[in-house]
Amino acid sequence: MAEFTVAAGLARGLTQFAVSQGADQETLLARAGITLDVLQDQDSRVPLENYITLMRAAKDLTNDPAFGLHSGQANDFAQISIVGLIMLSAETMLDAFTQLNRFIRLVIEVDCEGDRFKLERDDKVIWLVDLRRNPNDFLELTESAFSRLVAGGRSIGPATLVKEVHVTHAAPPYRAEYDRVFQVPVKFEAERNALALDYAWLTAKVALQPRYAFGILSEHAEKLLKNLEDSKTSRGRVESLLMPLLHTGDVSMDKIAETMAMSRQTLFRKLKDEGTTFEKVLDGLRHRLALHYLNGKKVSISETAYLVGFSEAAAFSRAFKRWTGKSPSEMRKG
């Protein structure tokens, strides 16, 4: 579970709702081990374990055992994730579901094989099935995900499209809240977590965002998904650890290996298996960041040298010319 993450936007939405229900923000975030700075960037990542702690701390601090249900119902998906915006620009509910499955990892990563959701049809209804493993270990996610899907669907189409809710966990003491939130029959201790949907759901219209927005949003989401996938590699993890350290100059392989809880030799081997070395990762990161800073034209050349870890401007200039064939001043003029 430690390797799974959630979008900071999801954690921020939960935090804001908890505070609106009486939780003290400082206490809540401290208990979850999350800093307010992390939540400022909607697309940054928070470890899943911290998010689970955040959810349960929110239940405690708001004195609301049904907080999972209520937070999912209250948080507009489009406000907490680009995935919600993409779904609103889809033509139909089926199209929106396809995009949800495509990009759901940008919202939250869970233990499942392949797609997070699948659709199954029988003679009467379509079943939207959640395929994550061991769902009862974090039943609040089932509550928040299903209440968000149902509430979001009702804001778009007829409430009658949802026919039934099945959950694998036992009925909690606040079982009546399930009836109030879902307004359809709920089966507890079911074989799977699933929503029964009317066949009309397949073609129910969405298109609440201009169609051209779909392409723009999808392109950005694809980049975010690639960044997320890259972060799972040893190279990606090294880069993420190097980023906040570059300006300090303390970027030794030994330090990064220690932070990753492995020996220098193990890190060397892992990077070699990915076709690279620590020195190449460090050099490539400095190259990309230097281009970013200079193209942005918000910092000077000497400041750029400092930010990417060079103590002397001359050493930075030599490295930059090796990277690009030009000096930093020539690049900036261009």
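**Notebook: salt bridges in the predicted model**

I began with helix α9 (residues 175-182), where R180 and E177 are three residues apart and therefore separated by about one helical turn. I took helices (H or I, at least four residues) and strands (E, at least two) as DSSP runs, numbered from the N terminus. The side chains of R180 and E177 meet in a salt bridge at 3.1 Å, N to O. For the term I used a side-chain nitrogen of Lys or Arg within 4 Å of a carboxyl oxygen of Asp or Glu. I noted R180 as partly exposed, at 44% relative accessibility; the classes are buried under 20% relative accessible area, exposed over 50% and partly exposed in between (1.4 Å probe, protein chains only).

I recorded that this is a predicted model, in which local features need pLDDT of at least 70, side-chain atom pairs count only at pLDDT 80 or more, and totals for chains, interfaces and linings use all residues. Residues are numbered from 1 along each chain as its sequence is written, and side-chain values use heavy atoms, with hydrogens and water left out.

I then looked up R105 and E229, whose side chains form a salt bridge at 2.9 Å, N to O. This pair links distant parts of the chain, 124 residues apart: R105 lies in helix α7 (residues 93-107) and E229 in helix α10 (residues 211-230). R105 is partly exposed at 35% relative accessible area, and E229 is partly exposed at 37%.

My next entry is the salt bridge between R116 and D130, at 2.8 Å, N to O. Both residues, R116 and D130, are buried.

Finally, I counted 20 salt bridges by this rule.
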